[in-house]
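Biologist: I've got this model open and a few things to ask. Can you walk me through them?

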Amino acid sequence: MIDRLQRRVAIIGAGVGGLSQAIALKTKLGFHDFTIFEKASEVGGVWRANTYPGCSSDVQIHWYSLSSDLYPYWNKSHGLQPEIQAYWIDLSKKYNLYPHIAFNTKVLSAEWDDAKQQYVIVAEDVLSGKRISSVAHVVISAVGNLEAPRIPYEISGVGKFRGVSFHSAQWPGSIDLRNKRVAVIGNASSGAQFVPSVSEDPSVEVVDFIRTPSWFTTRPRIPYSDTEKWIFANIPLAMRLHRAWIVFWFELPLIIRPSDKTLKKRHEVMTKYILDKAPSRYHDRMIPDHPPGCKRTVANSGFLDVLHRPNLTLNFDGIENIAENGIITKTGEMLPFDVIVYATGFISKQDRYPMHVRGSNGATIQGYYDAHGGPTAYLGTAVPDIPNFYLLAGPNTGIPASTLFMEEVQVGYILQLIEPVLSGSVSSFTVKASPTDAYNAKVQERISRSVFMQCHSWARMNGTGKVFNPFPWAVTRWWWLLRKPNWDHYVAVGAEKWLCSDDIVAVTICGL
């Protein structure tokens, strides 16, 4: 048995998931011997990386806040990127996380040593290229799913454009778009957020190229008054009741399975919403072919309203290729541009796990994914034959609500699994294959009868295969499944002391 004083935890990623796990280690377990490996130079993950104008949370900010650190002074119902990023920086300082973070450090591999019951982690300093090696007895992956910007290289000539071009997730802070012709490729969540801001200046001529139209839902960004902020800060439970109300309205449609009549009505209402907002010249191109919910529904925080601006045009002709000074459409029209902004989403990290992880018997996470037709895990959190390794936001954990809440539930579950390891009572836990298979059979059976099967999507293998991202039930079921571990679903090594600490087990197994 390894000495308790030698136990170490490695967290990969300093986004909201990794920071939440680190805070919980300190506050819930009183454990401080951990390192967060972060390849960037600051915390925040998606909120550090995405600085484009109008970047905002899709979910009401009082539910997209850490439950242990609710904040009464949010300015609007949906937080903007600068204040969300500031919130996580403040929490990192409050809980003294910065000394635990290895910035500019990318984890390349983690390999399990069965004899020593620990991982050997190889990381690289992204600035110098120097490689470093360390050990950890528990590894928690918080790398995020949609982090690597996707440039559509399948479009001919992407590299030929001589003007300024960039992905929305790499927005240049110094860019001046005044008196420029700007092409925006894409109109999903990011594009719908920054197009209203970019087109606000009438000297900026914007053309938004749309391949696949999106479904929209309203998101008004309602300001909180000073009185409301005072109430949240000074009246006990007021803020938590407000948060509970938000949860209720998100959860109710997921708990009550809609009838075909309800789904038809939803389609009609969402269609009317788009047509009422958009100019009539776009009506025949704005309604998606896929049903609502199959792809991510875009929160409308002004996009549909600004389509009436004379300096903003939507183009549905398709892009044939990109030339040195503009874009040639599939109709043969040449449109000159000074700037191209790619709002083309991200490369999913779920279909290909972003680093080499080897567990027992030579098993790897990617090998397990490949053997099961795509990303697969037990409760989206653990993988068979990969001891003491846990995924935050793993396969089939996507919910149309607060992803932070989803990860907080996982954090609580993981704490229960690693506490016996960190206390020295157990060497390792490994989830069994049979309960993993049984759980995922239920997930995929549910998905097979859902709207997720009715469109091409990044959340499916190769766009049309296995659906690996969404959790197909209500958020309350997610909480219920992960409220406590089913220990029968795990193999414990070096667990004699831990087993005999349970009175019932001690009588039946330990003979006490």
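Biologist: How many disulfides does the count come to?

Modeller: Keep in mind that this is a predicted model. A pair of cysteine sulfur atoms has to lie within 2.5 Å to qualify. Cysteine 294 and cysteine 455 do, with their sulfurs 1.9 Å apart. By that rule the count comes to one disulfide.

Biologist: And how many residues apart in sequence are the parts that this pair ties together?

Modeller: Cysteine 294 sits in the loop between α8 and β13, while cysteine 455 is in the loop between α12 and α13. So the link ties together parts whose separation in sequence is 161 residues.

Biologist: Is the link of cysteine 294 and cysteine 455 left-handed or right-handed?

Modeller: Both of these cysteines are buried, by the way. For the hand, look at the angle about the S-S bond, which is -105 degrees. That makes the link left-handed.

Biologist: Over to serine 189, then: buried or exposed?

Modeller: Serine 189 belongs to helix α4, which covers residues 189–198. Buried means under 20% relative accessible area. Serine 189 has 14%, so the call is buried.

Biologist: Which side chain does the serine 189 side chain join in a polar contact of 3.3 Å?

Modeller: Leaving aside neighbours within four places in sequence, serine 189 is in contact with Asp58, Arg296 and Val298. The 3.3 Å polar contact is between side chains, and the partner of serine 189 there is arginine 296.

Biologist: Last one: does cysteine 55 count as buried or exposed?

Modeller: The cut-off for buried is under 20% relative accessible area. Cysteine 55 comes in at 6%, so this residue counts as buried.

Definitions and conventions: Residues are numbered from 1 along each chain as its sequence is written. This is a predicted model: local features need pLDDT of at least 70, side-chain atom pairs count only at pLDDT 80 or more; totals for chains, interfaces and linings use all residues. Side-chain values use heavy atoms; hydrogens and water are left out. Helices (H or I, at least four residues) and strands (E, at least two) are DSSP runs, numbered from the N terminus. Buried means under 20% relative accessible area, exposed over 50%, partly exposed in between (1.4 Å probe, protein chains only). A polar contact is a pair of N or O atoms within 3.5 Å; within protein, one must be able to donate a hydrogen and the other to accept it, and residues adjacent in sequence count only if both atoms are side-chain atoms. Contact means heavy atoms within 4.5 Å.
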